[in-house]
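Let's walk through this model together, from whole chains down to single strands and helices. Keep the 3D view open as you read.

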Amino acid sequence: MAYSDKVLDHYENPRNVGSLDKNDPNVGTGMVGAPACGDVMKLMIKVDDNGIIEDAKFKTYGCGSAIASSSLVTEWLKGRTIEQAYAIKNSEIAEELALPPVKIHCSVLAEDAIKAAVSDIKAKQQAAKEAA
Amino acid sequence: MDRDPIYLDYSATTPVDPRVAAMMIPYLTEHYGNPASRSHPFGWTAEKAVENAREEVAKLVGADPREIVWTSGATESNNLAIKGAANFYAATKGKHIITIATEHKAVIDAVRELERVGFTATYLQPEANGLVDLAKFKAAIQPDTVLASVMMVNNEIGVIQDIEAIGHICRENNVIFHVDAAQATGKVEINLEKLPVDLMSFCAHKTYGPKGIGALYVRRKPRIRIEAQMHGGGHERGMRSGTLATHQIVGMGEAFRIAREEMEFENARVRKLRDKLLAGLQSIEETYVNGDLDHRVPHNLNISFNYVEGESLIMAVKDIAVSSGSACTSASLEPSYVLRALGRSDELAHSSIRFSIGRFTTEADVDYTIALLKEKIDKLRELSPLWEMFKDGVDLSKVQWAAH
Amino acid sequence: MSQVFFDHNSTTALRPEVLEAMLPFMREQHGNATSRHSFGRTARAAVEHAREQVADAVNAHPSQVVFTASGTEANNFAIHGIASNLCHGQILTSAVEHPCVSRPALAMQSRGWQARRVDVDAHCKLDLHHLHNVLATPTNLVSVMLANNETGVIQDLAEIVALSRQYKALVHTDAVQVLGKIAIDFADLNVNAMTISSHKIGGPLGAGALVIDKRVDIQPLLYGGGQEKGLRSGTENVAAIVGFGLACELAVKSLATFSQHTQRLRDLCETGLVQLGATLFGQQEKRIPNTSFFAFENMDGETLVMALDRKGFAVASGSACSSDSTEPSHVLLAMGVDKDLARGAIRVSFGLENTDEQVQQFLKVLENELARLRNLTAVAA
């Protein structure tokens with residue numbers, strides 16, 4: 001399978017690999033996919049008091065396109081609000097990385113990971129508010 | 001790319017041995033001629049070459065040259081044997097077929113096609129080591145079983161089935177026995193004088209011969225009949241029509257001659273390399289060898305690297321040419337059906353790599369491969385959330401995965 | 001002995017450029033086109049390039065080209081594959097088809113289809129009246145070769161297609177003998193499937209193709225790895241396919257030269273043959289330019305072929321593929337040629353490398369051999 005240069009670049013030099021402190025109230029975690037399906041993405045975002053994402057880290061078990069999709073979104077997320085992050089569409093990811101049709105699901109997974117991470121941080125904030 | 005990748009995919013196809021290529025080229029240039037043209041020497045030279053090659057093929061497998069029918073490759077041989085014998089004997093023996101779930105697609109799909117036209121089939125599951133349990137095989141035989149098809153050497157995991165024992169069971173039960181030996185020639189001894197096998201498929205391009213040529217062994221004593229699947233000029237005693245590609249046949253003959261003469265030496269050399277590779281890779285944590293190690297050709301090593309996804313692994317090791325799953329089905333994203341049949345989890349099936357070693361593999365190639373794998377597996381596991389969880393002691397089988 | 005080859009309809013010498021193009025795929029570029037590593041991708045790219053070359057040569061779309069191992073396989077695939085996916089009915093083939101069309105049609109009879117032959121006239125042309133009549137019985141498929149391998153006579157495919165369409169029958173044509181000799185336009189022919197082969201045009205043995213109108217639902221002949229979009233399983237014979245592709249490209253480039261050159265040789269030859277008293281077959285019809293089919297009264301074809309061979313000329317008696325049998329050519333019998341005359345039939349088929357001198361030499365040798373053999377027979381009698 002021929003990969004685009006951008007996929008190869010992210011795959012060879014993945015950005016923002018790693019984890020954030022999952023117990024930090026300002027950190028949201030999204031884990032999507034399943035090992036049986038061949039891909040699992042874990043995306044962690046750290047949000048400041050203004051709702052702006054200040055850090056993002058990922059770990060991905062999956063093909064080159066899945067790794068590239070998650071690496072790319074960690075770059076995109078930094079500096080965006082969680083609402084802006086939530087609005088990221090898989091088609092933008094697929095287009096940026098020139099994913100072939102059989103790899104579109106990787107971009108869907110990345111979008112799902114963002115939504116899961118944002119939902120997680122919102123749930124945490126909600127819980128904190130209720131506790132307060 | 002700076003350098004050619006190291007080729008470790010000999011089970012997908014082998015390079016043509018230079019000696020084979022040298023034999024073939026004259027038949028592409030000065031000796032051209034249609035071997036069925038009886039009337040002029042262009043045809044005669046071709047015919048003689050074809051018959052010499054037929055003898056070489058027969059010699060490697062202990063057959064009579066008259067038992068060898070040329071085909072365009074193992075896929076055609078398998079289709080011809082299975083459809084040809086099943087159709088010929090359906091009326092007298094019945095319409096049930098036994099095969100193994102880990103057979104090559106050419107066998108599985110030919111049997112499926114027969115199911116479509118009224119046959120029934122049993123796809124026997126092998127044991128976890130890839131081998132067929134003889135008692136289970138025997139139990140699968142029905143009164144109307146016409147044909148059994150079992151491969152000698154599996155293309156993905158390299159395990160060698162006990163063809164002799166299975167053949168005896170077939171004989172006792174009056175079942176025609178076909179064996180796909182595409183991956184076996186030059187790797188294991190085949191003596192059809194002794195083996196109770198009725199039909200056997202071969203191809204050249206897995207044994208340092210050219211692509212596009214294969215053969216089917218059709219036993220004469222006791223005589224096995226098959227219904228032709230390709231009709232025309234009546235070549236190959238009516239079993240298979242179509243102009244023969246002389247240079248390819250000559251190539252197959254020479255490839256099989258070399259295999260016969262050099263097999264013993266070559267297998268010893270290859271085994272040493274494979275064992276070195278195995279030791280090197282097993283020093284990596286969480287690796288699993290797929291398929292039995294004892295009943296296995298020395299050329300094959302199929303190994304799963306847990307917590308690493310197969311396709312990204314293939315990308316990571318692009319400096320070596322290897323397969324994840326079978327080359328013939330690797331256009332699909334499904335995990336290998338062979339590994340699944342062994343009961344491997346989808347994750348381990350996904351993260352499997354088939355290394356296949358051959359005539360031109362060097363010790364330096366193996367050293368390089370071990371070092372490369374160690375480095376890349378480390379890197380990918382660093383990226384893998386599953387590895388992180390495993391290291392944290394999480395039981396992955398208990399995790400509720402988000403549906404996708 | 002330097003043998004002169006006048007049997008190009010049987011097979012042709014590999015073009016040197018084609019050999020050069022093939023060699024890398026027999027040596028360092030040995031990948032399996034299905035593999036995903038660089039060896040595999042190189043092989044895949046080469047196969048797809050060849051597919052474009054083949055498609056271009058016959059004005060088809062690359063996606064319409066399915067590679068097979070031979071013309072025989074492509075014909076079997078067409079007949080078996082197209083009929084199998086239709087309701088039982090009639091399969092019509094011309095009475096002069098190659099056995100690799102007529103026999104698969106006959107083989108379909110055991111599976112519920114009816115195979116029927118359509119007559120030809122005395123000049124090898126399909127009898128359209130007969131076609132019209134037999135089409136009255138529900139027909140699935142009509143297979144008529146574009147040009148006959150023995151006489152070289154070209155059929156009026158347009159009329160055959162038009163007539164068959166009226167009766168909703170699909171049409172296949174075996175164009176093996178036409179490729180590289182006159183222009184082929186798959187789109188214009190308007191047939192549903194067409195067979196071509198590599199080794200008749202300076203390509204290697206081991207590659208052929210069925211060009212298929214994608215609206216036709218066709219069943220594979222070979223099942224397995226799912227190559228050729230599932231229509232033809234089996235590891236691609238990359239070297240042969242590459243050779244086929246280039247041979248197509250080169251054949252189309254030299255089409256005009258081939259046509260002019262071989263036609264001149266044939267005219268020269270036939271003028272001489274008539275002077276020697278030969279009966280020419282199909283010569284008043286439009287033929288492929290390189291082929292001449294003829295016979296001499298009271299002269300056994302096989303004997304003459306052997307005699308010519310000893311004198312350095314390779315010619316054919318009947319078609320090579322059926323030369324195991326000593327029966328007279330089924331083509332001539334279908335044309336109503338007397339059995340005894342048919343037994344004398346000889347085919348010469350020229351190629352680009354043949355020369356006027358060779359033809360003149362051939363005629364001289366032929367004259368001598370005829371005299372010698374007639375003398376022998378006279379003595380024996």
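Helices and strands are DSSP runs numbered from the N terminus, a helix being H or I over at least four residues and a strand being E over at least two. This is a predicted model, in which local features need pLDDT of at least 70 and side-chain atom pairs count only at pLDDT 80 or more, while totals for chains, interfaces and linings use all residues. Residues are numbered from 1 along each chain as its sequence is written, chains are lettered from A and ligands numbered from 1 in the order in which they are written, and side-chain values use heavy atoms, with hydrogens and water left out.

Let's begin with chain A, which has 5 helices and 3 strands. Along the sequence these elements follow the pattern α-β-β-β-α-α-α-α. The radius of gyration of chain A is 14 Å, close to the 14 Å that the globule rule gives for 132 residues, so this chain is as compact as a globular protein of that length. Here the radius is taken over C-alpha atoms, and the rule is 2.2 Å times the number of residues to the power 0.38. The C-alpha trace of chain A spans about 55 × 30 × 20 Å along its principal axes. Of its 132 residues, 50% count as buried, meaning under 20% relative accessible area, with exposed being over 50% and partly exposed in between (1.4 Å probe, protein chains only).

Chain B comes to 12 helices and 12 strands. Its radius of gyration is 22 Å, close to the 22 Å from the globule rule for 404 residues, so chain B too is as compact as a globular protein of its length. Its C-alpha trace spans about 75 × 55 × 35 Å along the principal axes, and buried residues make up 67% of the chain. Among contacts (heavy atoms within 4.5 Å) with a separation of 6 or more in chain B, 74% are between residues 24 or more positions apart.

Now turn to chain C, where an open sheet of 7 strands has the order β2-β8-β7-β6-β5-β3-β4, with mixed pairing. Strands β2 and β4 (114–118) of chain C stand at the edges with a single partner strand each, so one side of each has no neighbour in the sheet. Two strands pair if DSSP finds at least two bridges between them. Inside the sheet, β3 (residues 90–94) and β5 (residues 139–143) of chain C run parallel and are joined by 4 bridges; C:Gln90 stands opposite C:Thr139 there.

Another strand of chain C to find is β10 (residues 291–295), with 5 of its 5 residues buried. C:Thr291, C:Phe293 and C:Ala295 lie on one side and C:Ser292 and C:Phe294 on the other. Strand β10(C) runs antiparallel to β9 (residues 279–280) of chain C, with 2 bridges, and antiparallel to β12 (residues 346–349) of chain C, with 4 bridges. C:Thr279 stands opposite C:Ala295, while C:Thr291 has C:Ser349 as its bridge partner in β12(C).

Finally, look at helix α2 (residues 38–57) of chain C. Its buried residues include C:Phe39, C:Val47 and C:Val54. The buried residues of α2(C) pack against β1 (6–7) and β11 (320–321) of chain B, together with α1 (16–26), β2 (65–68), β7 (193–197) and α8 (238–253) of chain C. Just after this helix, C:Asn59 takes a positive phi of about 50 degrees.
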